[in-house]
Amino acid sequence: MTTQTDTPGSVTTVYQVSGMSCGHCEGSVSGEISEIPGVTSVKAVAATGEVTVVSAAPLDEEAVRAAVDEAGFELADKA
């Protein structure tokens with residue numbers, strides 16, 4: 001996982017998600033993670049398996065894992 005603070009009060013975290021292979025996969029993962037309270041932006045890239053999440057504060061990894069599981073994929077690790 002890479003975590004960095006972009007602007008005051010925001011945190012960017014990059015997660016590694018296995019199993020994504022297309023735009024639909026990206027949308028499913030992004031949609032589920034965006035429902036986590038505090039998330040302001042999500043960008044999933046199937047080609048690399050990376051999901052970049054911008055949030056107001058650091059996220060609970062279990063909440064992210066549950067969202068990714070709900071989308072039908074597996075949170076491999078933080079990139």
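Helices (H or I, at least four residues) and strands (E, at least two) are DSSP runs, numbered from the N terminus. This is a predicted model, in which local features need pLDDT of at least 70 and side-chain atom pairs count only at pLDDT 80 or more, while totals for chains, interfaces and linings use all residues. Residues are numbered from 1 along each chain as its sequence is written, and side-chain values use heavy atoms, with hydrogens and water left out.

The protein chain has two helices and five strands. Along the sequence they follow the pattern β-β-α-β-β-α-β. Of the 79 residues in the protein chain, 37% are buried.

A56 is in the loop between β4 (50-55) and α2, and with a relative accessibility of 46% A56 counts as partly exposed. A56 and V11 are 45 residues apart along the chain, and their C-alpha atoms are separated by 6.1 Å. K78 belongs to strand β5 (residues 74-78). K78 is partly exposed as well, since its relative accessibility is 21%. Between the C-alpha atoms of K78 and T52, which are 26 residues apart along the chain, the separation is 9.9 Å.

Next come the charged side chains. Side chains of opposite charge can pair when their charged atoms come close. A salt bridge is counted when a side-chain nitrogen of Lys or Arg is within 4 Å of a carboxyl oxygen of Asp or Glu. How many salt bridges does a search of the whole structure find? The search finds two. In one of them E61 pairs with R65, with the closest N and O atoms 3.1 Å apart. Both residues lie in helix α2, four residues apart, which is about one turn of the helix. E61 is partly exposed at 24% relative accessibility, and R65 is partly exposed at 25%. E62 also forms a salt bridge with R65, and here the closest N and O atoms are 3.7 Å apart. E62 and R65 are separated by about one helical turn because they are three residues apart in helix α2. Through shared partners, the salt bridges join E61, E62 and R65 into one network.

Other acidic residues form a patch. A patch is made of residues with over 30% relative accessible area and no salt bridge, where like charges are joined within 9 Å and nonpolar side chains (Val, Leu, Ile, Met, Phe, Trp, Tyr) within 5 Å. E35, D69, E70 and E74 gather in such a patch of negative charge on the surface. One of them, E70, lies in helix α2 (residues 61-70). E70 is exposed because its relative accessible area is 59%.

The cysteines remain. A disulfide is a covalent bond between the sulfur atoms of two cysteines. Here a pair of cysteine sulfur atoms within 2.5 Å counts as one. By this rule there are zero disulfides. C22 is in no disulfide, and the nearest cysteine sulfur, that of C25, is 3.4 Å away. C22 is partly exposed at 33% relative accessibility, whereas C25 is buried, with a relative accessible area of 8%.

How values were computed: Areas by Shrake-Rupley, 256 points an atom, 1.4 Å probe, with all protein chains shown as cover. Lys, Arg positive; Asp, Glu negative; His and termini not counted. Charge placed at Lys NZ, Arg CZ, Asp CG, Glu CD. Buried < 20%, exposed > 50% of the residue type's maximum accessible area, 1.4 Å probe, protein only.
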